[in-house]
Amino acid sequence: MGGSDARALSRSLLDLCRMRKLTIATAESCTGGLVAGALTDIPGSSDVIDRGFVTYSNDAKRAMLGVEASTLLNFGAVSKETATAMAVGALERAGVDLAVAITGIAGPGGATPGKPVGLVHFAVAARDGRIVHREHRFGAIGRSAVRARSVVEALRMLMDLARGPQAATKPRREAASRLRPRVTRSPRRHVVKRRRPPRG
């Protein structure tokens, strides 16, 4: 997973978003703007990419994305809760359709008990309310490799989110149509069985 993967994913994501008229914002900590860089490296990306937040410090996460101080204190900067708050904050502050957030420990230092080098939390959020979180433990593969893999993962999550509504709507309709006959038939059968004995 290298630069070519990120470039191909960036092109595909931008094409999909153009087709569906979606806009994107990024909120990055350990990647320092690399996701926004990969996307804006593609000519014509300005019709999809709105802005990128590079919130490396906790102060920046609070000031630029509205991450609560209590979230950072209780869960830490590298956590599901902070990643999710970053994504939601970027979505709200930018007023876009999709947002992605990344916070992790690229190394070589920065590890704490329970949070090793290579731990990265990702979150994506959509205007329709969908929020997805993923945790990856890339291991001590080197700072550059952790960051590069994080970029690819973030782009993949955005792709999934951009495709999401179409895939999510169909199963719900099928499930609803299958359940309706069962709900209406079962009470009628029970009622008929209970009424027959008294009449005889």
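**Reading burial, charge pairs and confidence**

Tutor: Thr55 counts as buried, with a relative accessibility of 0%, where buried means under 20% relative accessible area, exposed means over 50%, and partly exposed covers what lies in between (1.4 Å probe, protein chains only). This is a predicted model, in which local features need pLDDT of at least 70 and side-chain atom pairs count only at pLDDT 80 or more, while totals for chains, interfaces and linings use all residues. Residues are numbered from 1 along each chain as its sequence is written, and side-chain values use heavy atoms, with hydrogens and water left out.

Student: Where is Thr55 found, and which residues is Thr55 in contact with, leaving aside its neighbours within four places in sequence?

Tutor: Thr55 sits in the loop between strand 2 and helix 3 (58–65); helices (H or I, at least four residues) and strands (E, at least two) are DSSP runs numbered from the N terminus. Beyond four places in sequence, Thr55 has contacts (heavy atoms within 4.5 Å) with Glu28, Ser29, Ala60, Lys61, Met64, Leu65 and Met86.

Student: How many salt bridges does the structure hold?

Tutor: Side chains of opposite charge can pair when their charged atoms come close. A salt bridge here is a side-chain nitrogen of Lys or Arg within 4 Å of a carboxyl oxygen of Asp or Glu, and the structure holds ten of them. In one, the side chains of Asp41 and Arg7 meet at 2.5 Å, N to O, and this pair links distant parts of the chain, Arg7 being in helix 1 (residues 3–20) and Asp41 in the loop between helix 2 (34–40) and strand 2 (49–54), 34 residues apart. Both partners are partly exposed, Asp41 with a relative accessible area of 48% and Arg7 with 33%.

Student: Which parts does the pair of Arg127 and Asp97 tie together?

Tutor: The salt bridge between the side chains of Arg127 and Asp97 spans 3.4 Å, N to O. Because Arg127 lies in the loop between strand 4 (119–126) and strand 5 (131–137), and Asp97 in the loop between helix 5 (80–94) and strand 3 (98–104), the pair ties together parts that are 30 residues apart in sequence. Arg127 is exposed, with a relative accessible area of 55%, whereas Asp97 counts as buried at 14% relative accessibility.

Student: How far apart in helix 1 do Asp15 and Arg18 lie?

Tutor: Asp15 and Arg18 are three residues apart in helix 1, about one turn of the helix, and the closest N and O atoms of their salt bridge are 3.1 Å apart. Asp15, Arg18 and Asp47 are linked in a network of salt bridges.

Student: Which residues touch the most other members of the largest nonpolar core?

Tutor: In soluble globular proteins, nonpolar side chains tend to be buried together. A nonpolar core is a set of buried Ala, Val, Leu, Ile, Met, Phe, Trp, Tyr and Cys residues joined through side-chain atoms within 4.5 Å. The largest has 34 residues, of which Leu13, Cys17, Ile24, Val35, Leu98 and Leu155 touch the most other members. Helix 1, helix 2, strand 3, strand 4 and helix 6 (143–199) each give two or more residues to this core, and helix 6 supplies the largest share, ten residues. Apart from this core lies another, of 17 residues, among them Ala25, Ala27, Phe53 and Ala99.

Student: Over which residues does pLDDT stay under 50?

Tutor: pLDDT, the predictor's confidence in each residue, from 0 to 100, averages 87 over the chain, with 80% of the residues scoring at least 70. Over residues 166–194 pLDDT stays under 50, and the model has two contacts beyond four places in sequence for them. Where pLDDT is low, the predicted coordinates should not be read in detail.
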